[in-house]
Amino acid sequence: MKVAIAKETAPNERRVALVPEVIGKLVNAGLEVLVESGAGEGSAIPDSAYVDAGARVIPTSQVDDADVVLRVQKPSAAEVKKLKSGQTVIGLLQPLIDPQTAQALADKGITAVSLDALPRTLSRAQTMDALSSQANVGGYKAVIIAAEAYGRYFPLLTTAAGTAKPANVLILGIGVAGLQAIATARRLGAQVKAYDVRSETREQAQSLGAQFLELKSVADAAGTGGYARELTAEERAAQQQELNGYIGGMDVVITTAQVPGRRPPVLVTADAVKLMKPGSVIVDMAASDLGGNVELSQPGETIVTDNGVTIIAPTNLPATMPAGASAFYARNISALLLHMVKDGTLNIDLADEITGAVVITQGGKVVQEATAKLLGIEVEKPATEPEPAPEPADDAAPADDAAPADDAAPADDAAPAAEPVIEPEPEAEIIEKVLEEEQAQAEAEAEDPIATEPVEATATEATETAETAATAEEPETPLTDGGKA
Ligand code: NAD
């Protein structure tokens, strides 16, 4: 089976789907790995490195001859047109943001597999979790760009020329990106405060050396699967009001808050920005065309407000650290591909929890419920081999012929005999079930928040940073007094 790595064409995308380090595993699994010439350029990986690792470099015109095309981002409309029926495309296809591309892929007879549909709480899917690996890169890079834009030191410095106070950094949203942002800001020596609507994040933030901000106005808003639920309008207003009391005292604010399938909540209002000192910096990691966590942020832009606050709203931070991000992504996508490969060929088994969740289109149809719902269509199961009729009325008649042969049987009665063998549960139900199981497990493990943290790198950092935190001058008590503590 031929597996091709496509060169990314989205603006400013410098990542590549596979790095040479993972090619050996694919070759060992019986796959022929092809690399579009120049695919690794943005990540400083020359074609020769892929060749040395066992891949073959091909011109762009041959990418669409591959059985499977691996990508980071979804294909453009022009690229979809060039794909051939029967091919499989794997990448971060964002079917819930752009269901039309999923429909176009289905129309072309392409099997679309999207890493962002992975059931993330399944422990055996963690190596495939590209959302986490890329959020980790983003959280790190957000702090780096904030530090660069901030005209002062992050750490406390005492020198002959005077003393520099440590920067006060606030991280809003303590998911994967937020945890990495806390760890990075702490490593740079900042005083870090952090807040999330899920109260279980308190211990995680503290273990990384941050002070947890506890708002009186909003109760715990944990949803399912470790995600937050959307706040009500009243809760949102109360939250913004209370956060305003803290934000004015911050030098740097980094926002990472997301609610799956919803617009990101506004956490930093224009009024809050007015309270900040000139020279302060905000990085809105949630910014996109859907909105962001910062009322004034402009996706993809950096603006400086009238009161001298810099608001940075990057839309693709992982692409700004392409070699590191690609290395993680390559492990995620190759793990998912190998999960679906059997005897050197692709074996799409929709009954499998992971495969059933990530396959968006198959057999000319959109098969993932959530995407189909957005498109306003019923999920039609892909054609599968009909099950032989259990006991045909006529012993001599083959199962497939049983229904039509039996004139007496009404059409409706005949249908069950021809039901597909594979009747996978809807993706949402599978995830729901898995989430319930994983949540129960997470609750059981709650005494050790680091052990439950899914991102291995963050867990390591948690340990490392916890040691640093032991010597930090900051008290580890939650803030309850309006941020003045
Ligand atoms: P995310 O990107 O969806 O959101 C980031 C953070 O924003 C979340 O922590 C969320 O609670 C927070 N948030 C949302 N609305 C908010 C508001 N109004 N105010 C403040 N904060 C708000 O989340 P994510 O980083 O993708 O992951 C979220 C959770 O999923 C984490 O608990 C993570 O550990 C868990 N997760 C688990 C696994 C696993 O078990 N294998 C894998 C990945 C993620």
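The model is a predicted one, so please read every value below as computed from it. Around the ligand there are 27 residues, and the protein buries 91% of the 830 Å² that the ligand exposes when taken alone. Helix α10 spans residues 322–339, and its partners here are α1 and α5.

**The ligand and its surroundings**

- Among the 27 residues around the ligand, the nearest are R120, V176, D196, R198 and G226.
- By class, this shell has 12 nonpolar, 10 polar and 5 charged residues.
- R198 takes part through its side chain, where an N or O atom is 2.7 Å from an oxygen atom of the ligand.
- Q239 also uses its side chain: a polar atom there lies 3.0 Å from a nitrogen atom of the ligand.

**Helix α1 against helix α10**

- Helix α1 covers residues 20–28, and its axis comes within 10 Å of the α10 axis.
- The two axes cross at roughly 10°; an angle under 35 degrees counts as roughly parallel, and α1 and α10 are therefore roughly parallel to each other.
- On the α1 side, the contact involves V22, K25 and L26.
- These residues meet A330, R331, S334, L337 and L338 of α10.
- Sorted by class, the contact of α1 with α10 holds 5 nonpolar, 1 polar and 2 charged residues.

**Helix α5 against helix α10**

- Helix α5 runs over residues 130–149, and its axis and that of α10 come within 9 Å.
- Here the crossing angle is roughly 170°; since angles over 145 degrees count as roughly antiparallel, α5 is roughly antiparallel to α10.
- From α5, the residues making the contact are A130, S133, Q134 and V137.
- Their counterparts in α10 are A325, F328, Y329 and N332.
- The contact of α5 with α10 comprises 5 nonpolar and 3 polar residues, with no charged ones.

Terms used. Residues are numbered from 1 along each chain as its sequence is written. This is a predicted model: local features need pLDDT of at least 70, side-chain atom pairs count only at pLDDT 80 or more; totals for chains, interfaces and linings use all residues. Side-chain values use heavy atoms; hydrogens and water are left out. Axes are lines fitted to C-alpha atoms, for helices over the stretch in contact, and angles run from 0 to 180 degrees between N-to-C directions. Helices (H or I, at least four residues) and strands (E, at least two) are DSSP runs, numbered from the N terminus. Angles under 35 degrees count as roughly parallel, over 145 as roughly antiparallel, 65 to 115 as roughly perpendicular and the rest as oblique. Contact means heavy atoms within 4.5 Å. Ala, Val, Leu, Ile, Met, Phe, Trp, Tyr, Cys and Pro count as nonpolar, Asp, Glu, Lys and Arg as charged, and the others, Gly among them, as polar. A residue is near a molecule or strand if one of its heavy atoms lies within 4 Å of it. A polar contact is a pair of N or O atoms within 3.5 Å; within protein, one must be able to donate a hydrogen and the other to accept it, and residues adjacent in sequence count only if both atoms are side-chain atoms. Accessible areas come from the Shrake-Rupley method with a 1.4 Å probe; for residues, only the protein chains shown count as cover.
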